[in-house]
Amino acid sequence: MGHLQHHDLSATRERLRDQVAHALRAALISGELRPGVVYSAPTLAQDFGISATPVREAMLDLAREGLVEPVRNKGFRVTEVDERDLDQYAEIRALIEVPVIGRITKSATRAELEALRPVAEEIVRAARAHDLIGYLEADRRFHLSLLALSGNDRLVETVGDLRKRSRLYGLTALDERGELIPSAEEHLELLDLMLAGDAKGAEACMAKHLGHVRSIWARSRAANP
């Protein structure tokens with residue numbers, strides 16, 4: 001299971017379930033856990049070096065999010081996302097995020113936006129270092145923290161759920177070709193436009209970025225049918 005073995009899960013009982021769920025989401029996003037494949041809680045627990053109970057509980061959390069589905073007496077199957085699903089998720093994200101970015105550009109303070117620059121730079125560093133999990137986790141923090149400046153918690157929750165459901169697969173080949181770096185650098189471009197007060201430019205950049213992400217997913221699926 002590769003990187004799953006390297007997660008530090010020596011946490012309190014209350015936090016362990018959440019940490020396992022987070023690690024499993026990262027494995028789903030990176031493609032380490034493959035769509036259509038059934039995984040058992042005891043096998044995954046061995047990789048983590050913990051008991052099967054928190055893994056089973058975490059998998060049930062993922063099932064409620066639609067990321068996996070229980071398979072009786074076997075474990076959990078990773079849910080497959082088809083092209084129609086992804087197109088619909090991408091359309092909803094664009095309808096929400098593009099205009100909201102325009103509004104945030106007009107309302108956020110310079111300090112609030114600049115506070116996100118270290119995260120944007122972290123995304124670029126992760127892409128250049130071929131750290132796919134670091135890239136995806138920093139990308140999630142950047143986008144959800146930026147949207148949080150809207151003051152709408154339900155909006156952030158909705159986009160967070162859409163991000164989980166439209167997770168990316170097969171990034172390894174794209175990373176090897178350096179194709180994640182342009183997507184990473186778009187975060188800095190977006191910040192600069194927002195800091196300049198260019199709401200229309202920021203909206204266009206966000207639309208381009210979401211289209212870029214959609215393209216990466218489609219090409220990953222084509223390379224890993």
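## Surroundings of Glu203

Leaving aside neighbours within four places in sequence, Glu203 is in contact with Val98, Pro99, Ile101 and Gly102. In this predicted model, Glu203 is found in helix H11, which comprises residues 199-223. Glu203 is buried and yet has no salt bridge, the nearest side chain of opposite charge being that of Lys200, at 4.1 Å.

## Confidence and overall organisation

The average pLDDT of the protein is 85, and 84% of the residues score at least 70. Among the elements, the highest mean pLDDT, 98, belongs to helix H5 (residues 110-114), whereas the lowest, 68, belongs to helix H9 (residues 171-176).

The secondary structure consists of 11 helices and three strands, and along the sequence these elements follow the pattern α-β-α-α-β-β-α-α-α-α-α-α-α-α. Of the 225 residues in the protein, 47% are buried, and the accessible surface comes to about 11,100 Å², with 50% of this area belonging to carbon and sulfur atoms. When contacts between residues at least 6 apart in sequence are considered, 74% of them join residues that are at least 24 apart.

## Helix H6

Helix H6 comprises the 12 residues 117-128, which at 1.5 Å a residue should span 16 Å; the end C-alpha atoms are 17 Å apart, and this agrees with the expectation. The buried residues in H6 are Arg117, Val119, Ala120, Ile123, Val124, Ala126 and Ala127. After H6 comes His130, whose phi is positive, near 60°.

The structure holds 12 salt bridges. One of them is formed by the side chains of Glu122 and Arg141, which meet at 2.6 Å, N to O. This pair links distant parts of the chain, with Glu122 in helix H6 and Arg141 in helix H7 (residues 132-148), 19 residues apart.

Glu185 lies in helix H10 (residues 180-195) and Arg128 in helix H6, so the pair ties together parts that are 57 residues apart in sequence. Here Glu185 counts as partly exposed, at 35% relative accessibility, while Arg128 counts as exposed, at 52%. The side chains of Lys208 and Glu189 meet in another salt bridge, at 3.1 Å, N to O. Because Lys208 lies in helix H11 and Glu189 in helix H10, this pair ties together parts that are 19 residues apart in sequence. Lys208 is partly exposed, with a relative accessible area of 41%, and Glu189 is partly exposed as well, with a value of 34%.

## Arg17 and helix H3

Arg17, Asp61 and Arg64 are linked in a network of salt bridges. Arg17 also takes part in a C-alpha separation of 8.8 Å with Thr53, and these two residues are 36 residues apart along the chain. Thr53 lies in helix H3, which comprises residues 52-64, and at 40% relative accessibility Thr53 counts as partly exposed.

Terms used. Residues are numbered from 1 along each chain as its sequence is written. This is a predicted model: local features need pLDDT of at least 70, side-chain atom pairs count only at pLDDT 80 or more; totals for chains, interfaces and linings use all residues. Side-chain values use heavy atoms; hydrogens and water are left out. Helices (H or I, at least four residues) and strands (E, at least two) are DSSP runs, numbered from the N terminus. Buried means under 20% relative accessible area, exposed over 50%, partly exposed in between (1.4 Å probe, protein chains only). pLDDT is the predictor's confidence in each residue, from 0 to 100. The expected span of a helix is 1.5 Å times one less than its number of residues. Contact means heavy atoms within 4.5 Å. Accessible areas come from the Shrake-Rupley method with a 1.4 Å probe; for residues, only the protein chains shown count as cover. Lys and Arg count as positive and Asp and Glu as negative; His and the chain ends are not counted. A salt bridge is a side-chain nitrogen of Lys or Arg within 4 Å of a carboxyl oxygen of Asp or Glu.
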